[in-house]
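Here's a quick tour of a protein model, written for someone new to reading structures. Have a look at the sequence and the 3D view, then work through the points below.

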Amino acid sequence: MDRKSTPDLSTDVSTVPKVSTSSTGSPPAGAPQALATVAVVGLGTMGTGIAEILTRAGREVIGIDIDDAAARRAVAALEASTARAVRRERVTERERQDALARFRTFRDLQAAAEADLVIEVVPEEYELKRQVFTALDGIVRPDAILATGTNALSVTRLAADSAHPERVLGLHFFNPAPAMKLVEVVSSVLTAPTAVTAVTELARELGKDPIAVGDRPGFVADGLLFGYLNQAAAMYESRYATREDIDAAMKLGCGLPMGPLALLDLIGVDTARTVLEAMYAASRDRLHAPAPILGQLAEAGLTGRKAGRGFYTYEAPGSAVTVPDDRTPTTTQDLDAGRTVRSVGVAGSGTMASGIAEVFAKAGFQVVLAARSLEKAEAAKARIAKSLDRSVAKGRLTAEARETALAAVTAAGSLESFADVDLAVEAVAEDLGVKQQLFATLDKVCKPGAVLATTTSSLPVVACARATSRPQDVVGMHFFNPAPAMKLVEVVRTVLTADDVHATVRAVCAQVRKHPVDCGDRAGFIVNALLFPYLNNAVKMVQEHYATPDAIDAAMKLGGGYPMGPFELLDVVGLDVSLAIEKVLHAEFRDPGLAPAPLLEHLVAAGCLGRKTGRGFREYARR
């Protein structure tokens, strides 16, 4: 997933002394178990990181790269990282010196002759990798293991082209290798179990969490990640949302460590395109067909951080610091151009309604919380009181602020109480008929000029607007659950929404300390349109018996830095809710790749809806 360097292939394989093997070419006594000496072929960022892990774990490491500068950078990187470890008192100076002494660099593949394991991390070009493996066949011992670091090319094909296919496997580390815990151990149908066992044990000794996967492009983590990244690139290319809003939406709405476009720049736009091409060749799924913008950027040399420019512009090649460019949004938007909002009506009595009411009350707005009965509204207000109490107990809110916020909320049993509100926010069931009926009522009871907002996550906002005689006053305000904690609000304009209504909602978001992102009125908006196809693809992996829910969850948490794995998240959201959103996305975009996985439909039909029913993809103790 990052820059890899090229080894010296100038060795004439025909002149390299061969170690005799049996007539079958099989290792005589299985793969070596200790793997004490490891050669790393390619000392780019990933190769250097792998070498560092191995060296600090007590292995003798042979670094091989045709580029002397790459070798010098690798040595310097190891010197710097071990010096930091000494300063932090994680190792002694003697241990540091021993680690440095275990790392030697060479230009020639012949240096790998005594290695127990060779890890190849050269650029993602099949012919180059094949040349490396062919050369190694004539150099290393017959019991040595050969591992490729590819995340896109066929391990099986590399093995089949090798003289000893039984010792070839995939060993996929994640960037940055010293920090990321996941290692995918990739077997082909030709790989000997002894080789798999040996590298799996090595990964554990290195402090990593290995998962065993089969040979298909992207494996588990990248197989899910790159489809999501590709959709984000296509979303940006269509000008549906800005790069800043797409990235902010996924960080704030899903808790991801990086937004998808920033991550593409980190991985390398050209690398992402290569991986997607391989995935599409295998799946023929349109979701894997590289977005044209990836090809355009790659051909222009705008490959991301390493080039100094990709989706974003950076202060220098290799820098992580972005600088403004001609696509950077201006900060001069006049947030006072909207309408004045002092009072807010919230329609609904569920968790989302009470959470939104709490957000507005804590920000100083007068709030009317209306439900179908006064009892339901009072119960919702009681839920707010408990939430505020928890905030006081955790020191996030003073007792005085708690009383002020609760006093700002008035419970009501009818929408008639919205007669004087400046902003009405509906948070009722995700049913279009119910919402349209509610908006027809709001149209009658709310004063002229009041802004009417829906919190829908998947239904067309314009359908709600058309239920009123003032569609220009209707907008989407999609809060995320739990509303008091989640910072994101998707602000959804329809083709009929007035400019001052849009400005009003953005200003209100700022007042309640939420981060607004703008998007158009189409299914899923930003977050759900990117999140749920990813979840659906995870279900397909299980359905196809490629990996287990536990392995997939571990891969995405350890390899992608996700706060929850896809199956943990599906069980929390609810499989029925997830299925409904996926059906909406499929109906909107008509892409076969968005069709809900049959396994998800079967679980919902069986009543296995996740945590709320005690069983989804996992079983839970009933409360």
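Is Phe567 buried or exposed? Phe567 has a relative accessibility of 0%, so it counts as buried. Keep in mind that this is a predicted model.

**Aromatic pairs**

- A handy thing to know before you start: a pair of aromatic rings is described by the distance of the centres and the angle of the planes.
- How many aromatic pairs does the structure hold? There are five of them.
- One of these is formed by Tyr534 and Tyr562, and it's a tilted pair, with 5.5 Å from centre to centre and 45° between the planes.
- This pair ties together distant parts of the chain, 28 residues apart: Tyr534 sits in helix α18 (residues 527–543), while Tyr562 is in the loop between α19 (549–560) and α20 (566–573).
- Tyr534 and Tyr562 are both buried.
- Phe567 and Phe617 have ring centres 4.7 Å apart and planes at 65°, so theirs is an edge-to-face pair.
- Here too, distant parts of the chain are linked: Phe567 belongs to helix α20 and Phe617 to the segment after α22 (598–605), 50 residues apart.
- Phe617 has a relative accessibility of 16%; the cut-off for buried is under 20%, so Phe617 counts as buried.

**Arginines over rings**

- Arg216 lies over the face of Tyr546, and its distance from the ring centre is 4.2 Å.
- Arg522 does likewise over the face of Tyr240, at 3.9 Å from the ring centre.

**The second largest pocket**

- How do you spot a pocket at all? Rolling a probe the size of a water molecule over the atoms shows where empty space is left.
- The second largest pocket has a volume of about 700 Å³.
- Its lining is made of 24 residues, and those that lie nearest its centre are Glu358, Lys362, Ser391, Pro484 and Ala485.
- Which helix gives the largest share of this lining? That's α12, with six residues.
- α12 (351–362) and α13 (374–393) each supply at least two of the lining residues.
- Sorted by class, the lining has nine charged, eight nonpolar and seven polar residues.

**Three residues up close**

The contacts here leave aside neighbours within four places in sequence.

- Asp161 is in the loop between α5 (155–160) and β6 (168–173), and it counts as partly exposed because its relative accessibility is 39%.
- Asp161 is in contact with Tyr126 and Arg130.
- If you compare Asp161 with Ile64, 97 residues apart along the chain, you'll find their C-alpha atoms separated by 22 Å.
- Gln231 is part of helix α7 (residues 221–237), and its relative accessible area of 15% makes it buried.
- The contacts of Gln231 are Leu287, Ala529, Leu530, Pro533 and Leu594.
- Arg402 is in helix α14 (residues 399–407); this arginine is buried, with a relative accessible area of 14%.
- Around Arg402, the contacts are Ala385, Leu388, Asp389, Val392 and Leu397.

- The peptide bond from Asn175 to Pro176 is cis, its omega being near 0°, and Pro176 lies in the loop between β6 and β7 (182–187).
- Asn481 and Pro482 are also joined by a cis peptide bond, with omega about 0°; look for Pro482 in the loop between β16 (474–479) and β17 (488–493).
- Glu89 isn't a glycine, yet its phi is positive, near 60°.
- You'll find Glu89 in the loop between α2 (68–87) and α3 (93–101), where it is exposed, with a relative accessible area of 73%.
- Arg513 has a positive phi of about 60°, and it is not a glycine either.
- The place to look for Arg513 is the loop between α17 (499–511) and β18 (515–520); at 70% relative accessibility, Arg513 counts as exposed.

Definitions and conventions
Residues numbered from 1 in each chain as written. Predicted model: local features only at pLDDT ≥ 70, side-chain atom pairs only at ≥ 80, totals over all residues. Heavy atoms only, no water. 1 Å grid on protein atoms, 1.4 Å probe; cavity = no way out; pocket = protein on both sides within 12 Å on 5 of 7 lines; lining within 4 Å. Points joined across faces, edges and corners; volume = space filled by probe spheres on them. Helix = DSSP H or I, 4+ residues; strand = E, 2+ residues; numbered from the N terminus. Nonpolar A, V, L, I, M, F, W, Y, C, P; charged D, E, K, R; others polar. Phe/Tyr/Trp six-rings, centres within 6.5 Å; stacked < 30°, edge-to-face > 60°. Buried < 20%, exposed > 50% of the residue type's maximum accessible area, 1.4 Å probe, protein only. Lys NZ or Arg CZ within 6 Å of the ring centre and 35° of its normal. Contact = heavy atoms within 4.5 Å.
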